[in-house]
Amino acid sequence: MHHGGTSPLKESFHKMSRAIASALLFASSIIITSAAHAQDAQGPYGTAKFESYADIDTVKQLEVVWDFNFQDPKMVNVALNNLSALMKATSDFGPKEIDPVKVVIVSHGPEVVLWAKKNYTKYKNIVDRAASFAKQGVRFEICRNDAAALGFKPEDLHGFVTVIPAGPYALTYWQNKGYAYIAVGATMPTPPISDYNKADLGK
């Protein structure tokens, strides 16, 4: 008969029990962690869905006036990306009309230099892209005051743009005609001449 201490059999049993407990604890931690990760991936608010506007055809025509006022003329290209997105979405989702969207762009900042024929080579890609939109019916209006401050007369600018009395005058006019105002990317009011357009001025 064995007296005192722990028998080899009991000791082996305790070791096995501890190993099983450790394994179960480790497995539980993996399950909990996996569940937490799954919850993080799903988020607490469900999943988004895509939809357009079911009543878009009741609008008949989307009318937009766009405010261009950029310290860096090259930012016009970024704004034209937004215009492209508008045109494509209208084509894909409506309104399904013969003339579903009307866009007027009012340019009255330092970027006016890129509409000058003398700067065509420097801004060719942007100007060609804008001219393509003009062929699709987009109207480009240029502030006469801003053009003059930059050294340009109407005859110095590309033929697909129209020179109007003043940028704020044009923006007010079109909004009173019911056109939605968009200022995506437009900078804060800034003098006509900036660090970005000094080399592009007219006489």
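What follows is a set of questions and answers on a predicted model.

Q: Why is Asn197 called buried?
A: A residue counts as buried when its relative accessible area is under 20%, and Asn197 has a relative accessible area of 0%, so Asn197 is buried. Asn197 has its place in the segment after strand S5 (180-182), and, leaving aside neighbours within four places in sequence, Asn197 is in contact with Pro73, Pro110, Val113, Leu150 and Pro192.

Q: What share of the protein chain is made up of buried residues?
A: Of the 203 residues in the protein chain, buried residues make up 33%, while the accessible surface of the chain comes to about 13100 Å², with 59% of it belonging to carbon and sulfur atoms.

Q: What makes the pair of Asp200 and Lys122 a salt bridge?
A: The cut-off asks for a side-chain nitrogen of Lys or Arg within 4 Å of a carboxyl oxygen of Asp or Glu, and the side chains of Asp200 and Lys122 meet at 3.0 Å, N to O, so the pair counts as a salt bridge. Asp200 lies in the segment after S5 and Lys122 in the loop between strand S2 (101-107) and helix H3 (124-135), so this pair ties together parts that are 78 residues apart in sequence.

Q: How do you know whether Asp200 and Lys122 are buried or partly exposed?
A: Buried means under 20% relative accessible area, and partly exposed lies between that value and 50%. Asp200 has a relative accessible area of 3% and is therefore buried, whereas Lys122, with a relative accessible area of 46%, is partly exposed.

Q: What makes Lys49 and Glu51 a salt bridge?
A: The closest N and O atoms of Lys49 and Glu51 are 3.9 Å apart, and this value is set against a cut-off of within 4 Å, so the pair counts as a salt bridge. Lys49 is exposed, and so is Glu51.

Q: Where do Asp128 and Lys124 lie?
A: Both Asp128 and Lys124 lie in helix H3, four residues apart, about one turn of the helix. Their closest N and O atoms are 2.8 Å apart, and they form a salt bridge. Asp128 counts as partly exposed because its relative accessibility is 31%, and Lys124 is also partly exposed, with a relative accessible area of 38%.

Q: Which residues line the largest pocket?
A: The lining consists of Phe50, Glu51, Ser52, Tyr53, Ile56, Leu62, Leu86, Ala89, Thr90, Phe93 and Gly94. By class, the lining has seven nonpolar, three polar and one charged residues, and its largest share, four residues, comes from helix H2 (residues 76-93). The volume of this pocket is about 170 Å³.

Q: What is the omega of the peptide bond from Gly94 to Pro95?
A: Omega is near 10 degrees for this bond, and the bond is cis; Pro95 is found in the loop between H2 and S2.

Q: Why is Lys60 called partly exposed?
A: The relative accessible area of Lys60 is 48%, which falls between the 20% and 50% cut-offs, so Lys60 is partly exposed. Lys60 lies in the loop between helix H1 (8-42) and strand S1 (62-68), and has a positive phi of about 75 degrees although it is not a glycine.

Notes: Residues numbered from 1 in each chain as written. Predicted model: local features only at pLDDT ≥ 70, side-chain atom pairs only at ≥ 80, totals over all residues. Heavy atoms only, no water. 1 Å grid on protein atoms, 1.4 Å probe; cavity = no way out; pocket = protein on both sides within 12 Å on 5 of 7 lines; lining within 4 Å. Points joined across faces, edges and corners; volume = space filled by probe spheres on them. Helix = DSSP H or I, 4+ residues; strand = E, 2+ residues; numbered from the N terminus. Nonpolar A, V, L, I, M, F, W, Y, C, P; charged D, E, K, R; others polar. Buried < 20%, exposed > 50% of the residue type's maximum accessible area, 1.4 Å probe, protein only. Contact = heavy atoms within 4.5 Å. Areas by Shrake-Rupley, 256 points an atom, 1.4 Å probe, with all protein chains shown as cover.
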